[in-house]
Amino acid sequence: LLRQMAEEDQTRVEEEARLARQAAASEAAASKRQAEAAGVVARHIAMISAKVRGNTRLPDNLTGNPEVRCLVKLLPTGEVKSVQVTRSSGNVAYDEAVVRAIEKSSPLPLPDERDARVAFVPELSFVHRPK
């Protein structure tokens with residue numbers, strides 16, 4: 001009876017150890033996926049910024065390096081549904097130029113990876129500076 005109890009205890013300990021290893025491996029895989037998704041998101045934000053920057057026609061009266069923040073509502077295809085200025089740069093002409101540039105840049109380049117795409121759809125908070 002004691003030997004049977006010892007074997008059951010050993011089996012239970014081995015099973016707990018196996019489950020702990022499995023959980024650690026699963027957590028490591030999830031962290032790796034998150035890091036990969038973050039890298040994909042960063043690359044696509046840079047691609048979107050470059051596309052918008054290429055379509056931005058800066059007003060003549062622009063001085064300094066003003067920042068405008070926009071909320072961009074997107075379709076899953078990357079097409080721009082709407083653009084709203086959430087924090088003005090203080091230069092209305094520049095703000096309007098950035099809104100037009102975002103609209104002209106539609107569709108925006110979005111990642112194929114589902115984990116990364118959720119950072120963009122349905123809304124993207126977009127910060128733009130001329131320099």
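Start by selecting Glu-67, Arg-69, Arg-87 and Arg-129: in this predicted model, these four residues are linked in a network of salt bridges. Zoom in on one pair of the network. Arg-69 forms a salt bridge with Glu-67, and their closest N and O atoms are 3.2 Å apart. Glu-67 is buried, with a relative accessible area of 17%, while Arg-69 counts as partly exposed at 28%. Side chains of opposite charge can pair when their charged atoms come close.

The structure holds 5 salt bridges. For another one, select Glu-123 and Lys-73, whose side chains meet at 3.7 Å, N to O. This pair links distant parts of the chain, with Glu-123 in strand 3 and Lys-73 in strand 1, 50 residues apart. Glu-123 is partly exposed at 38% relative accessibility, and Lys-73 is partly exposed at 32%.

**The sheet**

Now select residues 68-74, which make up strand 1, then 80-87 for strand 2 and 123-128 for strand 3. In what order do the 3 strands of the open sheet lie? The order is 2-1-3, and the pairing is antiparallel. Strand 2 and strand 3 stand at the edges with a single partner strand each, so one side of each has no neighbour in the sheet. From one strand to the next, the twist averages 25°.

Look at the pairing of strand 1 with strand 3, which is antiparallel over 6 bridges. Select Val-68 and find His-128 opposite it in strand 3. Then select Cys-70, which stands opposite Phe-126 in strand 3.

Follow the chain from strand 1 into strand 2: the two form a hairpin with 5 residues between them. Select Gly-78 in the turn, where phi is positive, about 95°.

Show the side chains of strand 1. Which residues lie on its covered face, and which on its uncovered one? Val-68, Cys-70, Val-72 and Leu-74 are on the covered face, whereas Arg-69, Leu-71 and Lys-73 are on the uncovered face.

Select residues 92-104, which form helix 2. Helix 2 packs on the sheet and touches strand 1, strand 2 and strand 3. The direction of helix 2 makes about 25° with that of strand 1.

Next, select residues 2-55, which form helix 1. Helix 1 has 54 residues and reaches 79 Å from its first C-alpha to its last, close to the 80 Å expected at 1.5 Å a residue. Colour the buried residues of helix 1, among them Ala-37, Val-40, His-44 and Val-52. What do the buried residues of helix 1 pack against? They pack against helix 2, helix 3 (114-117) and strand 3.

Go to Asn-55, which is found in helix 1. Asn-55 has a relative accessible area of 19%, so it is buried. Leaving aside neighbours within four places in sequence, Asn-55 is in contact with Ala-101, Lys-104 and Ser-105.

Select Arg-12 and Glu-16, whose side chains meet at 3.9 Å, N to O. Both lie in helix 1, 4 residues apart, which is about one turn of the helix. Glu-16 is partly exposed at 46% relative accessibility, and Arg-12 is partly exposed at 44%.

**The loops**

Select Ser-89, in the loop between strand 2 and helix 2. Which residues does Ser-89 touch, not counting those up to four places away in sequence? They are Pro-66, Glu-67, Val-68, Tyr-94 and Asp-95. The side chain of Ser-89 makes a polar contact with the side chain of Asp-95 at 2.6 Å, and reaches the backbone nitrogen of Asn-91 at 3.1 Å. For a distance to check in the viewer, pick the C-alpha atoms of Ser-89 and Lys-73: they are 20 Å apart in space, and the residues are 16 apart in sequence.

Finish with two proline residues. Pro-107 is in the loop between helix 2 and helix 3, and the peptide bond from Ser-106 to Pro-107 is cis, with omega near 0°. Pro-122 is in the loop between helix 3 and strand 3. The peptide bond from Val-121 to Pro-122 is cis, with omega near 10°.

Note on methods
Residues are numbered from 1 along each chain as its sequence is written. This is a predicted model: local features need pLDDT of at least 70, side-chain atom pairs count only at pLDDT 80 or more; totals for chains, interfaces and linings use all residues. Side-chain values use heavy atoms; hydrogens and water are left out. Two strands pair if DSSP finds at least two bridges between them. Axes are lines fitted to C-alpha atoms, for helices over the stretch in contact, and angles run from 0 to 180 degrees between N-to-C directions. Contact means heavy atoms within 4.5 Å. Buried means under 20% relative accessible area, exposed over 50%, partly exposed in between (1.4 Å probe, protein chains only). A polar contact is a pair of N or O atoms within 3.5 Å; within protein, one must be able to donate a hydrogen and the other to accept it, and residues adjacent in sequence count only if both atoms are side-chain atoms. The expected span of a helix is 1.5 Å times one less than its number of residues.
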